[in-house]
Amino acid sequence: MLRLCPTTHVPEGEGRKVETAEGDFAVFNLGGVFFVTQNACSHGPGHLGEGRVLGDEVECAAHAGRFDIRTGRATAEPCWEPLLVWDVTIDAGQICIVLDQGRTA
């Protein structure tokens with residue numbers, strides 16, 4: 001299990017970029033429920049953990065493409081490719097994923 005960050009690191013309605021030795025991830029808090037996607041935008045340069053959260057979507061600051069945070073599905077051009085997403089487990093206040101269980105929508 002890969003520990004990404006404490007739940008307190010990600011305020012409600014926001015996302016955070018989390019860097020680990022295994023890679024970079026975007027962690028989101030939607031109403032107290034946490035979601036993890038790949039941090040890199042599938043369209044090109046852009047860090048989704050630094051993007052604007054709009055409801056259940058994140059907007060990439062580099063080109064305004066959007067993704068569904070819950071599923072990783074691309075929802076607005078110019079993005080077409082889905083993101084990798086992981087199921088989240090909370091362990092002792094830490095947001096955790098199983099690295100080899102990432103999947104796309």
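Here is a short briefing on some side chains, grouped by topic. What you see is a predicted model, where local features need pLDDT of at least 70, side-chain atom pairs count only at pLDDT 80 or more, and totals for chains, interfaces and linings use all residues. Residues are numbered from 1 along each chain as its sequence is written, and side-chain values use heavy atoms, with hydrogens and water left out.

- Asn29 sits in strand β3, which covers residues 23-30; strands (E, at least two residues) are DSSP runs, numbered from the N terminus.
- With a relative accessible area of 6%, Asn29 is buried (buried means under 20% relative accessible area, exposed over 50%, and partly exposed in between, using a 1.4 Å probe and protein chains only).
- A polar atom of the Asn29 side chain lies 3.0 Å from the backbone oxygen of Val10.
- On the Gly32 side, the backbone nitrogen lies 2.8 Å from a polar atom of the Asn29 side chain.
- Leaving aside neighbours within four places in sequence, Asn29 is in contact (heavy atoms within 4.5 Å) with Val10, Pro11, Glu12, Gly13, Glu14 and Phe34.

- Gln38 belongs to strand β4, residues 33-38.
- At 17% relative accessibility, Gln38 counts as buried.
- The Gln38 side chain has a polar atom 2.7 Å from the backbone oxygen of Ala40.
- For Leu84, the backbone nitrogen is 2.9 Å from a polar atom of the Gln38 side chain.
- Setting aside neighbours within four places in sequence, the contacts of Gln38 are Asp24, Ala26, Leu48, Leu83, Leu84 and Trp86.

**Salt bridges**

- How many salt bridges does the count come to? The tally is nine, with a salt bridge being a side-chain nitrogen of Lys or Arg within 4 Å of a carboxyl oxygen of Asp or Glu.
- One of them joins the side chains of Glu19 and Lys17, at 3.1 Å from N to O.
- Within that pair, Glu19 counts as exposed at 57% relative accessibility, while Lys17 is partly exposed at 23%.
- Arg70 pairs up with Asp68 in a salt bridge, and the closest N and O atoms are 2.7 Å apart.
- Asp68 is buried, with a relative accessible area of 7%, whereas Arg70 is partly exposed at 40%.
- Arg66 and Glu59 form a salt bridge too, their closest N and O atoms being 3.5 Å apart.
- Here Arg66 is partly exposed, with a relative accessible area of 26%, and Glu59 is buried at 14%.

**A stop in the loop**

- Glu50 lies in the loop between β4 and β5, the latter being residues 52-54.
- Is Glu50 buried or exposed? At 53% relative accessibility, Glu50 counts as exposed.
- Glu50 and Ala26 are 24 residues apart in sequence, yet their C-alpha atoms are 8.0 Å apart in space.
- Ala26 has come up already, among the contacts of Gln38.

Note on methods: Helix = DSSP H or I, 4+ residues; strand = E, 2+ residues; numbered from the N terminus. Polar contact = N/O pair within 3.5 Å; in protein donor to acceptor, adjacent residues only side chain to side chain.
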